[in-house]
There are 2 protein chains.
Amino acid sequence: MPPVQRPKGTRDFLPRDMERRRWLEGRLREVMRRFAFREVGTPAFEHTELFTLRSGPSIVEDMYTFTDKGGREMALRPELTAPTMRLYAEGLLGAPRPLKLCYFGNCFRYEQPQKGRYREFWQFGAEILGAERASGETEILALAHECLRGSGVRDPVMRIGHVGVLKRLLSDSGVPPGEQPRFWPLVDKKDFEGLRAALGERGVDPDPILSVLERRGGRELLEKVPGSGLEEVLDGLESMGVTGYTVDPGIARGLDYYTGMVFEIDVPGLGAEKQVCGGGSYSLAELFGAGKVESTGFALGFDRILVALEAAGAAFPEAGPDFFVVPVGPAERGEARRVVAALRRAGRSAETDLAARNLSKALKHAASAGASEAVIIGEDELGTGLLTVKNMGSGEQRKARLEELLK
Amino acid sequence: MPPVQRPKGTRDFLPRDMERRRWLEGRLREVMRRFAFREVGTPAFEHTELFTLRSGPSIVEDMYTFTDKGGREMALRPELTAPTMRLYAEGLLGAPRPLKLCYFGNCFRYEQPQKGRYREFWQFGAEILGAERASGETEILALAHECLRGSGVRDPVMRIGHVGVLKRLLSDSGVPPGEQPRFWPLVDKKDFEGLRAALGERGVDPDPILSVLERRGGRELLEKVPGSGLEEVLDGLESMGVTGYTVDPGIARGLDYYTGMVFEIDVPGLGAEKQVCGGGSYSLAELFGAGKVESTGFALGFDRILVALEAAGAAFPEAGPDFFVVPVGPAERGEARRVVAALRRAGRSAETDLAARNLSKALKHAASAGASEAVIIGEDELGTGLLTVKNMGSGEQRKARLEELLK
């Protein structure tokens, strides 16, 4: 057991893990490019106040906080929306709007580690600031949909709702706005039995409320939210070829925070960790001194998407080098280095033996490194300029000039 | 002034900054791919002990440290070599060696912010574990050289030395090994006047020592380090077409840590922050319980390389969208969305107006977003299927079918 181990609840990423992560990152960034979202970056830690301003003081319990040597209260970021809004307030107030921003970064939460939940995790997200409401919501939903499609996740389920539904149902039943927040968490957890009990205790008939919240379906459910603008959003999605979503009036994510459309994307095979994306419309910039700017955004759980891909047996690209160049003996090492350098300059990936191994051991190492072809350099090769090239898959050998390998 | 600002000494990266950073990251990763180095990832924080084991207790002063809620002493990582060695000890002991690993990540130091020095900064680095000494050193020097070339930095100066030089010079002058470390920092800072004084105080004739340390030149300087193996390394570099380095016996970076070849790369135009890369051979794995494994590596100062590129007026790629699709009025919005979606599916980047602007304001926004072409969708276009395409550079307009734009 090594004397110092990685911190509890964190992960190391070995080469194969990292290749998969960079591959997925690239796929998601490619979607962002096509949708003309531009990436921003913020520090790994922020003043603790930034997050309590957005999420309330209770978030401190779930964060890594520390006092820096100047006595300032800092927190490792638990999410990236508040930092992005702060960046907007500090650096992008003068930029033409709407702004379409995206980010990719690690976030931190201090909680008991469990399957699929880590203390350091990654989010890929996007925010639109200052768009006309329905246009922004359409664009962000289309983007989230394409992120899932582009990453190759099978059968994601997008559910679209609106914070107005629950608020209106409760108001219509005589629960004033100030009393409503206590019911939100029950809806968010889909604890409809708990909700039924809590409503009954409050003297409210639960049936009309639950009959709406438990439904999933098409746009006919939107009749419950007059003036939500969701009709227009769904029309927009249809224009963009985005179908297959479900209208879900029972979404109650962060009702103290969202102001309009809310949505979630699940990958049902993932069990308790099935939600891979969540977002909606909100108004947050004014908290950071930037005036009122309507915003819509989402965050993708990068790690969960990877789990979904791995569980589905996704074909990740393999990363072995194109060539492994082996000198037969010490006299051929210089030539082997020349060949390796030429291959690399030509854009091919090439390895050479760095352990002064004999031919058979070097070929074994080439196989374990996943090389496609081995290039053997011996006395003959030095004389004729013809290299021996061995296909590591089939075992077949051929002779080739260096120029042919460079193509 | 926003109520919460970014932490002192840290940076936000606006879209243009981020595009440049991702571009440079991609260039460096491409070099790593061609050299068949494979990336690993480690947590942003580690047990504090990991860094004091490598660097001694004094490093705590320069780190962001905190006690987590479980009472464990943690530190935001100040560098990535120790974490990479820990990862090796925990996860890669069984992997075939030599291992060629690379990393890219943010690091943290608590110090007074100043020009070009930030509390959060980025390192791109590489380590080879378990190679035959000279082969590994050759490979790592060739890789560092190509990283600078691949990133497009002008006129980098690579200086190669060996920790044996100074140690031998001091021993030959009668300074026993135990007494030598007090002279190292003076050499590292190239404070030759200070060194002269300190040696004189110690009763040592400074001239023979300084005459070697102050020289720069070719391989003839290696005569001072018999048995260093550097001759073979320089032969290897020549085979790989790497020239233009200088042999510098006066490199004294971390002499308590390095065990053989050491090197640095400067970009002279950067003044006090001119060193963009440093590395060498070391033996660290045994500290982490992984047995003795000879290693060679380096870290590139990612931020400084960017500063060098920006100072030299490097031509970074521009990131405006290929198309900005503008509906002339509300009736054409659906069609505009269809066109945008089709362009994006074809791999083109496309924007549309999200602010319900009129045509002239939307075209103005398209220009400020840096779009190459605007696609105007009006009543005519709906009828004929011919889109009006305006080149945003020249202002010229043409008619085109959607299929032509998809190519």
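In strand E4 of chain A, the bridge partner of A:His47 is A:Met74. Strand E4 (residues 73–76) of chain A is joined to strand E2 (residues 45–47) of chain A by three bridges, and the two strands run antiparallel; helices (H or I, at least four residues) and strands (E, at least two) are taken here as DSSP runs, numbered from the N terminus, and two strands are said to pair if DSSP finds at least two bridges between them. The structure is a predicted model, in which local features need pLDDT of at least 70 and side-chain atom pairs count only at pLDDT 80 or more, whereas totals for chains, interfaces and linings use all residues. Residues are numbered from 1 along each chain as its sequence is written, chains are lettered from A and ligands numbered from 1 in the order in which they are written, and side-chain values use heavy atoms, with hydrogens and water left out.

E4 of chain A also pairs in the antiparallel sense with strand E3 (residues 65–67) of chain A, over three bridges. In this pairing A:Phe66 stands opposite A:Met74, and A:Thr65 stands opposite A:Ala75. The hairpin of E3 and E4 of chain A has five residues between the strands, and in this hairpin A:Gly71 takes a positive phi near 80°. Taken together, the strands form an open sheet of three strands in the order E2-E4-E3 of chain A, with antiparallel pairing. E2 and E3 of chain A stand at the edges, each with a single partner strand, so one side of each is left without a neighbour in the sheet. The twist averages 35° from one strand to the next, where axes are lines fitted to C-alpha atoms, for helices over the stretch in contact, and angles run from 0 to 180 degrees between N-to-C directions. Helix H2 (residues 48–55) of chain A packs on this sheet, touching E2, E3 and E4 of chain A, and the direction of the helix makes about 75° with that of E2 of chain A; contact here means heavy atoms within 4.5 Å.

Backbone geometry in the loops was also examined. A:Ala36, in the loop between helix H1 and strand E1 (38–39) of chain A, has a phi near 60°, a positive value in a residue other than glycine. A cis peptide bond, with omega about 0°, joins A:Arg97 and A:Pro98, and A:Pro98 lies in the loop between helix H3 (81–91) and strand E5 (99–108) of chain A. In chain B, a cis peptide bond with omega about 0° joins B:Arg97 and B:Pro98, the latter being placed in the loop between helix H3 (81–91) and strand E5 (99–108) of chain B.

In chain B, an open sheet of five strands has the order E13-E12-E14-E15-E16, with mixed pairing. Strand E13 (350–352) and strand E16 (397–401) of chain B stand at the edges, each with a single partner strand, so one side of each is left without a neighbour in the sheet. Neighbouring strands of this sheet are turned by 30° against each other on average, direction ignored. Within the sheet, strand E14 (residues 373–377) and strand E15 (residues 386–391) of chain B pair in the antiparallel sense over four bridges, and B:Val375 has B:Val389 of E15 as its bridge partner. Helix H12 (residues 359–368) of chain B packs on the sheet, where it touches strand E12 (323–327) and E14 of chain B, and its direction makes about 170° with that of E12 of chain B.

Chain A can be laid on chain B with an RMSD of 0.0 Å by a turn of 180° and a shift of 0.0 Å along the axis, the copies being superposed by least squares on the C-alpha atoms of residues with pLDDT of at least 70 in both. The two copies are thus related as by a two-fold rotation axis. In chain A, the C-alpha nearest the axis is that of A:Phe66, 2.9 Å from it. The same surface serves both copies, since 100% of the contact residues of chain A recur in chain B.

The contact takes 100 residues from chain A and 100 residues from chain B. The area buried between the chains is about 8,200 Å², of which carbon and sulfur atoms give 57%; buried area is the accessible area (1.4 Å probe) that two parts lose on being put together, summed over both. In chain A, A:Val4, A:Arg344 and A:Leu354 lose the most area to chain B, together 9% of what that side buries. Across the interface of chain A and chain B there are 18 salt bridges, defined by a side-chain nitrogen of Lys or Arg within 4 Å of a carboxyl oxygen of Asp or Glu. One salt bridge is formed by B:Arg333 with A:Glu132, the closest N and O atoms being 3.8 Å apart. Helix H1 (residues 15–34) of chain A gives the most to the side of chain A that touches chain B, with 10 residues.
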